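Student: I would like to learn how to read cavities, helix packing and backbone details in a model. Could you take me through one?

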Amino acid sequence: MQKREQAKSGGMAGGAAAPAAKRGRPFGSTSGSSSAAGASADIAAPTTLLGPSLQVHSSFADQNNKRIVLALQSGLKSELTWALNTLTLLSFKEKDDIRKDSTPLAKIPGLLDALLQVIDDWRDIALPKELRKTPRNRTLGINSLVTGFGYAYEALGSINNTLPRSGVGSAASVAEGQKHAAKVRSSEWWFDEDGLFNLDEEGRAEKQQCAVAASNIIRNFSFMPDNEVIMAQHRHCLETVFQCIEDHITEDEELVTNALETIVNLAPLLDLRIFSSSKPSYIKITEKRAVEAIMGMLGSVYKAWHCAAAELIGRLIINPDNEPFLLPFVPQIHKRLVDLMSLQAFDAQAAAVGALYNLVEVNVDCRLKLANERWAIDRLLKIIKTPHPVPEICRKAAMILESLVSEPQNRVSLLAYENAFAEILFSDGRFSDTFARILYELTSRPNNKMAAARGVWGM
């Protein structure tokens, strides 16, 4: 349809040709109960109130790109910390574009894979909280080289302090130490140790912090137009972020949020068929698992998550190649989106209406199922009558009703709302044209059932 073609060329804006807005903190999300007021306040606020400006020389990345990648690959805590802090500065961009020299991902070869490896390293050792062991003293591998994570340095210092120094102590103390060491190396030691290369609880927490920092950098990179195509066609990147949101129940909340916002930013260019392509796979995510992960986020009780998931579905369905993977879940999607429209949160209502606006343009079946969904028409009318603080959301709700009434099979059920449509027609001039067309469709072109009913009444 014409409206859907316009949406494909202009993202989620519907009839407008403007690109889809990016999501994120602190300036990414444009929906919310205070979106209109916040936008005017941001325009009126002086630049001095935006916080400190992070100035990084434009040639820094070019001079240190190899060192950054090698630091990420080293696995050493000090090198990882330096690289992650540096990339956080390079990927940061203020709202008013005070720093226009943000570093695109394409300028640093191998960077995306190195960042994903940091996340994969954490994912490999991540366990649900109920399965984690309590912290305890560990001695195996205490003399080996340390990476800096956890209590490795403290343990190294403690073993150095316990060893006898030259010229200090007696032969008896040395013999006692050897006897104690032999006792430690007794049989069945593997039942008491986790392994040579496992981390203690402090080390696991630091690894998790590194993974969260890496996911935040990837999220920041997804805001830059120069990176969108690279990231949307990078199978390892998509598999990693989808796996993070798939495990949202046990995974770190900030890591899940960063992964979800990354996918939302890449959604206009995302083709789910990449998971069955010939590109090398690392995690074996399928198209069905990816959609099920999105559905899990849509059903979340956290507003930020289900709003982002609704927006993600609305952006994915614009691409006809994604339809075969999303259509089997349409009944569940409709039910959840109708539930979101009943919430008092304006941003949840906006996300639900935006997704339904694109879903009703897919095919006739989507329009029939939405019209038969309980409370769908009532809640769309409520958003228009309240009204929603963003006029565009009210317009989209009216357009959804117009799409539903265009199907002859829906007119019998929608005829029950004829008085409500007429009330909006005469009371709100902004949508008078839309509801005039809706009433025209309902009354001037009756379907067979309505014609038969009127024939019986006329006898």
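This is a predicted model: local features need pLDDT of at least 70, side-chain atom pairs count only at pLDDT 80 or more; totals for chains, interfaces and linings use all residues.

Student: Which residues line the largest cavity?

Tutor: Read the lining in chain order. It runs from Ile119 through Ser215, Ile218, Thr240, Val241, Cys244, Leu255, Asn258 and Ala259 to Thr262. By class, six of the lining residues are nonpolar, four are polar and none is charged.

Student: Which helices each supply at least two residues of that lining?

Tutor: Three do: α8 (201–221), α10 (235–246) and α11 (253–266). The largest share comes from α11, with four residues.

Student: Now helix packing. By what are two packed helices described?

Tutor: By two values: the angle between their axes and the distance between the axes. Take α15 (residues 330–341) and α17 (residues 364–371) as the opening case. They pack at about 45 degrees, with axes 10 Å apart. That angle makes α15 oblique to α17.

Student: Is the crossing of α15 and α17 left-handed or right-handed?

Tutor: The crossing of α15 and α17 is right-handed.

Student: Which residues of α15 and α17 meet?

Tutor: From α15 come Val330, Pro331, His334 and Val338; from α17 come Cys366, Lys369 and Leu370. This contact has five nonpolar residues, one polar and one charged.

Student: At what angle do α17 and α19 pack?

Tutor: At about 110 degrees, and the axes of α17 and α19 (residues 391–405) lie 9 Å apart. That makes α17 roughly perpendicular to α19, because angles of 65 to 115 degrees count that way. On the α17 side, the contact uses Arg367, Leu370 and Ala371; on the α19 side, Ile400, Ser403 and Leu404. Four of these residues are nonpolar, one is polar and one is charged. Note Leu370: it meets α15, and Leu370 also takes part in the contact with α19.

Student: How does the pair α18 and α21 cross?

Tutor: At roughly 15 degrees, with the axes of α18 (residues 376–385) and α21 (residues 418–427) coming within 12 Å. That makes α18 roughly parallel to α21, since the angle is under 35 degrees. The crossing of α18 and α21 is left-handed. Leu381, Ile384 and Lys385 of α18 contact Ala420, Phe421, Glu423 and Ile424 of α21. The contact of α18 with α21 has five nonpolar residues, no polar ones and two charged ones.

Student: On to the backbone. Which two residues does a cis peptide bond join?

Tutor: Look at omega. The cis bond joins Thr386 and Pro387, with omega about -15 degrees. Pro387 sits in the loop between α18 and α19.

Student: Which residues does Arg430 touch, not counting those up to four places away in sequence?

Tutor: With those neighbours set aside, Arg430 touches Pro387 and Pro391. Arg430 itself lies in the loop between α21 and α22 (432–444). The C-alpha atoms of Arg430 and Cys394 are separated by 9.6 Å, and these residues are 36 apart along the chain.

Terms used:
Residues are numbered from 1 along each chain as its sequence is written. Side-chain values use heavy atoms; hydrogens and water are left out. On a 1 Å grid over the protein atoms alone, a cavity is a set of points where a 1.4 Å probe fits but cannot get out, and a pocket is an open set with protein on both sides within 12 Å along at least five of seven lines; lining residues have an atom within 4 Å of a point. Ala, Val, Leu, Ile, Met, Phe, Trp, Tyr, Cys and Pro count as nonpolar, Asp, Glu, Lys and Arg as charged, and the others, Gly among them, as polar. Axes are lines fitted to C-alpha atoms, for helices over the stretch in contact, and angles run from 0 to 180 degrees between N-to-C directions. Angles under 35 degrees count as roughly parallel, over 145 as roughly antiparallel, 65 to 115 as roughly perpendicular and the rest as oblique. A crossing is left-handed if the near helix is turned anticlockwise from the far one by less than a right angle, and right-handed if clockwise. Contact means heavy atoms within 4.5 Å.
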